[in-house]
Amino acid sequence: MGKIVNVILSGGVGSRLWPLSRKSKPKQYLSIFNEKSLFELTIERNQSVCDHVVLVGSVQNIDLAKEDLKAVSHDIIIETVPRNTAAAIAFAALSRDPDDILIVTPSDHLIEGDEQYLQAIKRGIEFAKEGSLVTFGINPTRPETGYGYIESEGNDVLSFREKPNFDTAKDFLKSGNFLWNSGIFCFKASTYLQELERFDPKVYTASKATFDAAKAGILDEELSRKIPSKSVDYAIMERSDSIKVVPSFFHWSDMGSFDSLYDYLVAKGHPTDEHGNIVIGEIGKHTVFLGLQNCVVVNTTDAVLIMDKAFAQDVKHVYELLEKENSPLI
């Protein structure tokens, strides 16, 4: 049997956590989770089952990862241009022996409940050994509109659903056979590459050409731009007939927006006023909220964000506008 390898994806910039998260220091490297980063916690969580780590990360911030990786056996694949998760996982699979089992984890998710997590991962490994592509579905606790969903029956996947509106999310919750799509996967390296070549040969061929031309783990920029930018869900998972889902009961959040971060910080005792208002970041100044409820102030040295928590998903639009303006604030 091959090795068990933790493939950590670290190409995102965390646009919905601006201004805390920047291209130079995305959310996965912020040490705000009991003084550890999400990236550090990801490595620690998987150490007991994995023999090796493959990090696929952005050239803009890869140096932030190197200190945490010193404690484990690892390789680094450096993306010069982000091409989404289908290609990122392909690079990792191409770097490993065909029988190696890959546990693919984002670097920016918060997971609590190590015992339940490891139970789910070990179940996924068993399915992967049999040739399945495995995804992990989280038992939903609320009608969440910020996550994708998996419709399932036991370990069989019936369908993948995009982020729903609130009424649809309530229906999903009521039906009892929908799980949140965690973005965590498990499969043999060879199985993934075979299915990618079968369902999206353009991504497969371009990814392989880019990987083969890499020098010292750094992917060629010109070749990278030729890879279609597709998520692994869209390229393979929604199309393959070899999918299994492991219903999972660990606490999970993608920490993708300030409402998720708000809930985490409040649960850990971060101060709020009597109306649920909170200040995050470099506090420094005495902050008072008048006539406001459930608002968030995010304070950094060069930017301040003030918002109603209900609009947390819209922060990415602020980021996108700054990006169009080539602002140094991103």
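Which residue is the bridge partner of Val56 in strand 3? The model considered here is predicted, so that local features need pLDDT of at least 70 and side-chain atom pairs count only at pLDDT 80 or more, while totals for chains, interfaces and linings use all residues. Residues are numbered from 1 along each chain as its sequence is written, and side-chain values use heavy atoms, with hydrogens and water left out.

Helices (H or I, at least four residues) and strands (E, at least two) are DSSP runs, numbered from the N terminus. Strand 2, which spans residues 52–58, has 7 of its 7 residues buried, where buried means under 20% relative accessible area with a 1.4 Å probe and protein chains only. In a regular strand the side chains alternate between the two faces of the sheet. In strand 2, His52, Val54, Val56 and Ser58 lie on one side and Val53, Leu55 and Gly57 on the other, and both faces are covered.

Two strands pair if DSSP finds at least two bridges between them. Strand 2 pairs in the parallel sense with strand 1 (residues 4–10) over 6 bridges, and Val7 stands opposite Val54. Strand 3 (residues 74–79) also runs parallel to strand 2, joined to it by 6 bridges, and here the partner of Val56 is Ile77.

Helix 1 (residues 38–46) forms a right-handed β-α-β unit with strand 1 and strand 2; right-handed means that, with the strands pointing away from the viewer, the path from the first strand over the helix to the second runs clockwise. Because 7 of the 9 residues of helix 1 are buried, this helix is largely enclosed by the rest of the structure.

Conventions
Buried < 20%, exposed > 50% of the residue type's maximum accessible area, 1.4 Å probe, protein only.
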